[in-house]
Amino acid sequence: MASSFASSPDQLAQAFAAVGAVIHRIEPDQWAAPTPCTEWPVRRVVGHLVGMNLVFDALLTDGEMPPRVEIADEDLAAQYDVSAALLVSRFTAPGALEREFGGPRGSASGAERLQIRMYDLIAHGWDLARAVRQPLILPIDVVERSLAFATVQLEGIDRTGRFDPAQPCPGSADPLDRLAAFLGRDLGWAAPVAV
């Protein structure tokens, strides 16, 4: 399934850098701000990204699943950077993309795991960018590959506990908004205006 949409570890690193650029521009008073990800404020979305990087690290190394921990706001950006670099190094290890890895939802190749990590990362990057009114700048081909993979992987399956149902999206929308809508985001969501 993944071969026609395959992304490289370099492209994952690009996506991590783009989302990281948004994270590093978060102001201290924005960590508690709401996001399009229902009931998750900015700090929770960034914490989720860090946590999922560590989960994927465990999947790729047959390690123990990491405990859920709360990270102080002032440490979130640095922890994101460290966990992102660690995960990219796992995907660049010899044979990592070809090997099959087990997991709670079944086995998948390293290439498929990379794509799964990529579309979740990009969707939450979109959440953060909307929440803190910053641009998320990604190569179009990276987003298009993620959208193609997510469409094949998630179409027609139960999304409970993962994503909300796909939302309406105009045909003229760019690939990033199309991916966000497919993964359950309301494209009309806007951050509240501070008074």
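This report describes the fold, surface and selected residues of a predicted protein model.

**Overall fold**

The protein is built from six helices and two strands. Taken along the principal axes, the box filled by the C-alpha atoms is roughly 55 × 40 × 30 Å. Of the contacts between residues at least 6 apart in sequence, 69% join residues at least 24 apart.

**Burial, surface and charge**

Buried residues account for 48% of the 195 residues. The accessible surface is about 9700 Å², and carbon and sulfur atoms contribute 55% of that area. The side chains include 16 positive and 25 negative ones. The centres of these two sets lie 2 Å apart.

**Helix H1**

Helix H1 covers residues 9-23, which is 15 residues. From its first C-alpha to its last it reaches 20 Å, close to the 21 Å expected at 1.5 Å a residue. Its buried residues are Pro9, Gln11, Leu12, Ala15, Phe16, Ala18, Val19, Gly20, Val22 and Ile23. In an α-helix, residues three or four places apart point the same way, because there are 3.6 residues a turn. The cover over the buried residues of H1 includes helices H2 (42-61), H3 (73-91), H4 (110-132) and H5 (140-154).

**Strand residue Ser109**

Ser109 belongs to strand E2, residues 108-109. Its relative accessible area is 10%, so Ser109 counts as buried; the cut-off for buried is under 20%. Leaving aside residues up to four places away in sequence, Ser109 touches Leu97, Glu98, Arg99, Glu100 and Phe101.

**Loop residues with positive phi**

| Residue | Location | Phi | Relative accessibility |
|---|---|---|---|
| Asp62 | loop between H2 and H3 | about 55 degrees | 56% |

The cut-off for exposed is over 50% relative accessible area.

Conventions
Residues are numbered from 1 along each chain as its sequence is written. This is a predicted model: local features need pLDDT of at least 70, side-chain atom pairs count only at pLDDT 80 or more; totals for chains, interfaces and linings use all residues. Side-chain values use heavy atoms; hydrogens and water are left out. Helices (H or I, at least four residues) and strands (E, at least two) are DSSP runs, numbered from the N terminus. Buried means under 20% relative accessible area, exposed over 50%, partly exposed in between (1.4 Å probe, protein chains only). Contact means heavy atoms within 4.5 Å. Accessible areas come from the Shrake-Rupley method with a 1.4 Å probe; for residues, only the protein chains shown count as cover. Lys and Arg count as positive and Asp and Glu as negative; His and the chain ends are not counted. The place of a charge is taken as NZ of Lys, CZ of Arg, CG of Asp or CD of Glu. The expected span of a helix is 1.5 Å times one less than its number of residues.
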